Structures are given as C-alpha cells and as structure tokens.
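Subject: Structure handover

Hello,

Here is the structure you asked about. Please open it and keep it on screen while you read.

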Amino acid sequence: MLLKDVMIPGSKLLQTMADKLNRTIPAVENWKNLAFKLEIPNDEIRKFEGMTRESERTSPTIEVMKWVAAKFPDTCLTDVVRALDKIQRNDAVIIITEEFPDTVGEWKREVTV
C-alpha cells in the first residue's frame, strides 16, 4: 500500500501518528529521527523543525509524511513501518497495525525471511 494513498490529510491515522511523534520526550525518538530514516534532506528537516515553535496548527510529522509522499510517490507504508522500527517507535507501528494489519503483516514477513 502506497504512503500517498494512506496518509490522507485530516485522517485519524495521520493525526494520531502526529500526536505521538511530535512530542519531545528525553531519550525517545520523534518525528525528526523518522525524517532522517526516511532520508529527508537536512534543510527540509530544519523547515519542519520551525513548525514546532510556530503554531499548534502545524505538525512536523504531517509535513514529513506529505513531503515523502510527494517526493517519493512509490514509498510504501511498510517503508514507514521499517523506519519507525529502526527508531524503536513501536507505539506508532501499533497505530498503523490497527488501521492496516495486512500491510504490517507483509513487513513482519519480510523481516522474518
């Protein structure tokens, strides 16, 4: 399943992920670490970083997902799940699992092969 088809602006899935990943908690990876794992350039990450200070209405996590979906339209939901696993954000993986269990199941099969 393609990221651009799943991460729809205003969707509950996207907002729930943003609520989790936008928080700054010591020793817990966040949206910025996800952006690095998804290979977003540093200058773009800095733009998203400014959003956390500007307004409650903007979300760096949502902007990361929109950027990846726009620049790499072939990115799959499993790619995001892999990146979340690498930054040890199983809480976000669970959010995706609840919404798209088959997609995450495909990722788990790939990992065990």
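Below is what was found, starting with the whole chain and ending with single residues.

**Ground rules**

This is a predicted model, so to speak of local features a pLDDT of at least 70 is needed, side-chain atom pairs count only at pLDDT 80 or more, and totals for chains, interfaces and linings use all residues. Residues are numbered from 1 along each chain as its sequence is written, and side-chain values use heavy atoms, with hydrogens and water left out.

**The whole chain**

The protein chain has eight helices and zero strands. Read from the N terminus, the order is α-α-α-α-α-α-α-α. Helices here are DSSP runs (H or I, at least four residues), strands are E runs of at least two, and both are numbered from the N terminus.

Of the 113 residues in the protein chain, 41% are buried. Buried means under 20% relative accessible area, exposed means over 50%, and partly exposed lies in between (1.4 Å probe, protein chains only).

The accessible surface of the protein chain is about 6800 Å². Carbon and sulfur atoms hold 49% of that surface. The areas come from the Shrake-Rupley method with a 1.4 Å probe, and for residues only the protein chains shown count as cover.

Now the contacts (heavy atoms within 4.5 Å). Take those in the protein chain between residues at least 6 apart in sequence: 64% of them join residues at least 24 apart.

**The largest pocket**

Rolling a probe the size of a water molecule over the atoms shows where empty space is left. A pocket is found on a 1 Å grid over the protein atoms alone, with a 1.4 Å probe: it is an open set of points with protein on both sides within 12 Å along at least five of seven lines, and lining residues have an atom within 4 Å of a point.

The largest pocket has a volume of about 210 Å³. That volume is the space filled by probe spheres set on the points, with grid points joined across faces, edges and corners.

Which residues line the largest pocket? They are Lys37, Leu38, Glu39, Val68, Phe72, Thr75, Asp79, Arg82, Ala83 and Lys86. By class, four are nonpolar, one is polar and five are charged. Ala, Val, Leu, Ile, Met, Phe, Trp, Tyr, Cys and Pro count as nonpolar; Asp, Glu, Lys and Arg count as charged; the others, Gly among them, count as polar. Helix H6 (residues 77-86) gives the largest share of the lining, with four residues.

Thr75 sits in the loop between helix H5 (60-71) and H6. Is Thr75 buried or exposed? Thr75 is buried, because its relative accessibility is 11%. Its side chain reaches the backbone oxygen of Phe72 at 2.8 Å. Beyond its neighbours within four places in sequence, Thr75 is in contact with Leu2, Leu3 and Val68.

Glu39 lies in the loop between helix H3 (31-37) and helix H4 (42-54). Glu39 is exposed, because its relative accessible area is 64%. Its phi is near 65 degrees, a positive value in a residue other than glycine.

**Helix H6 and what comes after**

The buried residues of H6 are Leu77, Thr78, Val80, Val81, Ala83 and Leu84. Just after H6, Gln88 has a positive phi of about 60 degrees. Gln88 belongs to the loop between H6 and helix H7 (90-99). Gln88 counts as exposed, because its relative accessibility is 68%.

**Helix H5**

Look at Val64 in helix H5. Val64 counts as buried, because its relative accessibility is 1%. Leaving out residues up to four places away in sequence, Val64 touches Trp31, Ala35, Leu38, Ile40 and Phe48. Val64 and Phe48 are 16 residues apart along the chain, and their C-alpha atoms are separated by 7.5 Å.

Thr61 is in helix H5 too. Thr61 is buried, with a relative accessible area of 0%. Its side chain makes a polar contact with the side chain of Asn22 (2.5 Å). A polar contact is a pair of N or O atoms within 3.5 Å; within protein, one must be able to donate a hydrogen and the other to accept it, and residues adjacent in sequence count only if both atoms are side-chain atoms.

Best wishes
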